[in-house]
Amino acid sequence: MFENLCTLPLSAELFTQALHPTEPLLGVGLATGHVQCFRLPTTDKSTEEDADTSVLSDGKSTIDTTWRTRRHKGSCRSLVFSHDGSSLYSAGTDSLIKHFSPATGQVISKIAVPTAKSAPDSPTLLSALSPQTLLLACDSGVLHLLDLRDGALAASKPQQSHFPHDDFVSSLTPLPPSAESTSGFSKQWISTGGTTLAVTDLRRGVLVRSEDQEDELLCSTFIAGMGPKKNRDNGVVAVGTGSGVLTLWDKGAWDDQFDRVIVDAGRGGGESLDCIVQIPEDLTRDKKVAVGLGDGSLRIVNLTKREVETSLRHDDLEAIVGLGFDCQGRMISGGGQTVKIWEELVVPGSDDDSDDSDEESDNDDDDSDASGSAILSKTNGKRQAAKDSDSDGSDSDEQKRRRKRKKGKSSKVDLGPLGAHGILKFKGLD
């Protein structure tokens with residue numbers, strides 16, 4: 001469960017966003033062609049046990065603009081950091097790909113987007129597959145592999161070009177490297193376009209294309225540690241569709257989906273699932289993903305239980321176009337003219353509190369049992385004398401114990417799903 005820390009307004013409509021892998025840097029690409037880089041506050045944890053450790057809880061933390069420039073004459077379609085964060089790449093509707101420094105914004109190299117049949121082919125997505133390869137997807141459905149030398153765009157022509165889809169490529173997801181890989185970087189990736197899913201290899205080209213799903217496939221992400229009962233480590237790919245259904249694909253069985261989770265239900269289909277990201281495993285026990293919808297809402301989906309856990313709101317009208325987690329575990333959502341920062345919410349009455357209360361109750365029971373056994377060990381005469389002489393004291397002890405139990409019950413207030421940060425829950429008003 002997450003709480004909204006702050007809302008960052010933008011000067012124009014957001015088209016794309018990118019997060020630095022090791023620093024709290026956020027890059028945004030706007031409809032006006034501007035690219036802007038923000039430095040987010042760091043999460044300096046307080047040493048006091050009861051202190052509020054939220055990033056912006058003191059009201060003094062600020063989001064600083066590192067630099068801002070108009071990078072493209074048209075809109076900025078895609079933005080991506082390199083693997084080590086030393087470079088930033090952007091692609092715009094002016095058919096240019098630019099490579100620049102994330103620290104200063106200064107352009108280092110640039111090339112033109114390859115044309116399709118002597119006509120401009122606008123870019124849709126960029127993905128840093130490895131330090132040597134940059135993937136470029138275009139409106140025509142073509143997928144270009146661009147060669148990088150020391151992070152710079154080395155050649156004006158792509159190394160290879162593949163056609164995994166007949167429609168524009170809507171998502172690119174690298175598959176984890178095999179156990180025999182010597183480089184440690186992926187050489188295969190998942191792409192979605194139109195109503196099909198495809199797997200492409202760096203050397204062998206398009207390996208397989210799925211059956212027609214009769215539903216538009218819009219976003220995808222790889223989830224490790226899930227799979228069939230006999231092969232849990234195989235991994236699955238979660239794919240968001242245009243009808244509000246999240247489909248699950250077993251790695252290696254790419255012909256068709258094997259399971260599905262209804263994220264948004266409605267007559268004739270729910271809202272489209274436009275973007276998806278896995279929640280880091282250090283924030284949750286189960287396999288969970290955050291999904292951005294076309295109506296501006298966010299859904300937290302538990303893939304282990306196949307259910308939607310929480311619904312959040314980014315915007316009342318505009319769709320969510322960007323979703324990710326920064327290097328400090330905060331969720332960043334973008335859509336319309338706003339970017340929102342979310343942090344994991346610690347709800348009162350968590351497992352730690354319940355464990356403490358259980359221990360206290362166990363201790364109370366042990367004390368009462370011990371006192372009872374001590375009384376029973378006495379002779380009948382002594383027990384009767386103790387009963388007559390200490391009746392008032394025992395009554396007072398019993399009354400204190402009852403008051404303590406009543407006090408403990410009355411202190412537990414139903415604060416609703418968001419605890420003290422949300423709205424109180426009143427019984428009978430559901």
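**Nonpolar cores**

I began with the largest nonpolar core, which has 16 residues; Leu246, Ile276, Val289, Val291, Val301 and Leu303 touch the most other members. I then looked up which strands supply this core: E19 (217–223), E20 (236–241), E21 (245–250), E23 (273–278) and E24 (288–293) each give at least two residues. The largest share, three residues, comes from E24. I note here that the model is predicted.

For Val289 I listed the contacts beyond four places in sequence: Thr221, Ile223, Leu246, Ile276, Val277, Gln278, Ile279, Arg299, Ile300, Val301 and Leu303. I also found a second, separate core of 15 residues, with Leu126, Leu134, Leu136 and Leu146 among them.

**Val80**

I located Val80 in strand E6, which spans residues 76–81. Is Val80 buried or exposed? Its relative accessible area is 14%, and because this is under 20% I recorded Val80 as buried. Setting aside residues up to four places away in sequence, Val80 touches Ala18, Ser87, Leu88, Tyr89, Leu126, Ser127, Ala128 and Leu134.

**Cysteines**

How many disulfides does a search of the whole structure find? The search returned zero.

Terms used: Residues are numbered from 1 along each chain as its sequence is written. This is a predicted model: local features need pLDDT of at least 70, side-chain atom pairs count only at pLDDT 80 or more; totals for chains, interfaces and linings use all residues. Side-chain values use heavy atoms; hydrogens and water are left out. Helices (H or I, at least four residues) and strands (E, at least two) are DSSP runs, numbered from the N terminus. Buried means under 20% relative accessible area, exposed over 50%, partly exposed in between (1.4 Å probe, protein chains only). Contact means heavy atoms within 4.5 Å. A disulfide is a pair of cysteine sulfur atoms within 2.5 Å. A nonpolar core is a set of buried Ala, Val, Leu, Ile, Met, Phe, Trp, Tyr and Cys residues joined through side-chain atoms within 4.5 Å.
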